[in-house]
Amino acid sequence: MSDLSPRQMEATQKYLLLSICYSHFNEKARWAMSYYRVQYTHQLLLPFFHMFTIKPIVDSGVSKHESRDNLSSAFSTPCLALYDPSGKELEESFHDSHDILVHLSETFSNAEHVNLYKSCGPENEEKIYTMEKHYDEVIGAAVIDLAYHDILVENKWSSILPFATIGFKNRVGVLQSLFWFGLSPFLGRMIMSFRAITPDKYEKAMETLRHEFSQASELLEKSQYLAGDYFSAADLTFAALSCIVLGITHEEGYQLRPFRANAWSPKCREFQQELRATRAGKHVLRLFKEQRYFGSPLPKKKTTLLGLW
Ligand SMILES: N[C@@H](CCC(=O)N[C@@H](CS)C(=O)NCC(=O)O)C(=O)O
């Protein structure tokens with residue numbers, strides 16, 4: 001745990017979080033920033049165009065961490081960039097939601113906002129790391145397969161507009177939002193082919209998520225939280241990665257503006273209700289309501305190129 005209070009730490013470095021507005025891995029990082037009450041500047045991005053912003057940070061070579069997965073590219077988001085107090089010199093960068101959560105836990109935990117890997121006692125620390133990795137790999141990937149296939153194939157006609165306007169809805173820079181508006185059907189297809197998403201994977205993703213929610217529900221019969229009696233990195237990860245598949249709304253605690261309900265096929269909406277009705281689904285809804293928002297400072301929005309990017 002750091003000897004410095006969060007306020008003191010903030011005075012020594014400036015934090016910039018770069019995140020794709022509708023991404024669940026990015027929601028995990030945003031939630032971690034809120035939990036530890038970190039003051040930061042937020043830059044919202046859209047897929048493909050995110051590379052232009054992340055590349056200079058990657059190229060600066062200040063990151064000390066190897067990528068943990070083979071799901072994403074070298075320009076993966078969330079990306080947390082740490083600058084010197086003047087905000088001009090980039091000192092360090094993180095390119096994985098796990099690395100961000102670990103960094104914030106080691107830097108900003110205090111008596112009120114305890115380290116989320118240690119919150120259930122030292123005997124559960126290793127277990128929490130393992131659970132987080134499992135949720136990242138299994139739920140993280142399943143949600144991507146489910147969401148892109150549902151939006152771009154199963155429900156393609158009704159979702160064209162909600163998908164194309166997601167940048168404007170979240171007030172991403174005007175140019176990015178405009179390019180996305182024109183190119184999103186094509187870019188969506190590109191992402192699907194890059195990740196080899198097929199109808200088979202879509203069905204499998206549903207099965208995987210059903211299984212994960214049922215396993216988590218069993219854990220929640222034994223304890224109040226997934227890894228024990230206290231909120232931990234396992235709960236934060238499970239809940240944040242489930243935001244899309246449960247269709248968590250802004251009013252329910254999702255900080256940004258998600259896709260509206262008609263972006264999802266009737267089959268997917270039914271699936272969202274099915275998962276919401278499970279013990280794990282109710283747990284996620286409660287966490288969004290009680291632990292996501294309240295008391296956390298809202299990030300300042302980064303304005304670049306007069307707000308165009
Ligand atoms: N393991 C990574 C996965 C992150 C990930 O898959 N990010 C996606 C958005 S959901 C992304 O930025 N994809 C674009 C890319 O890889 O360039 C993490 O936990 O941060």
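## Starting at Leu209

Leu209 sits in helix H9, which covers residues 199–222. Helices here are DSSP runs of H or I with at least four residues, strands are runs of E with at least two, and both are numbered from the N terminus. Before going on, note that this is a predicted model, where local features need pLDDT of at least 70, side-chain atom pairs count only at pLDDT 80 or more, and totals for chains, interfaces and linings use all residues. Residues are numbered from 1 along each chain as its sequence is written.

Is Leu209 buried or exposed? Leu209 counts as buried because it has 22 C-beta neighbours inside 10 Å. The cut-offs go like this: 20 or more other C-beta atoms within 10 Å means buried, 12 or fewer means exposed, and in between is partly exposed, with C-beta atoms placed from the backbone.

Which residues does Leu209 touch, leaving aside those up to four places away in sequence? They are Ile139, Ala142, Leu146, Val245 and Leu275. Touching means that the two C-beta atoms, placed from the backbone, lie within 7 Å. Val143 is 66 residues from Leu209 in sequence, yet their C-alpha atoms are 8.0 Å apart in space.

H5 runs over residues 125–154. From first C-alpha to last, this 30-residue helix reaches 41 Å, close to the expected 44 Å; the expected span is 1.5 Å times one less than the number of residues. H5 also has a kink of about 25 degrees, centred on Tyr135. That bend is the angle between axes fitted to the seven residues ending there and the seven starting there.

## A covered helix, H10

Helix H10 (residues 233–241) is mostly covered, with nine of its nine residues buried. Among them are Asp235, Thr237 and Phe238. The buried residues of H10 pack against several helices, including H2 (24–35), H4 (97–108), H5 and H9.

## The whole chain

The protein chain has 13 helices and five strands, and 43% of its 309 residues count as buried. Its C-alpha trace spans about 55 × 50 × 35 Å along the principal axes. Look at contacts between residues at least 6 apart in sequence: 77% of them join residues at least 24 apart.

## Around the ligand

There are 16 residues around the ligand, and Ser23, Ser72, Ser73, Thr77 and Ser97 come nearest. A residue is near a molecule if its C-beta atom, placed from the backbone, lies within 6 Å of it.
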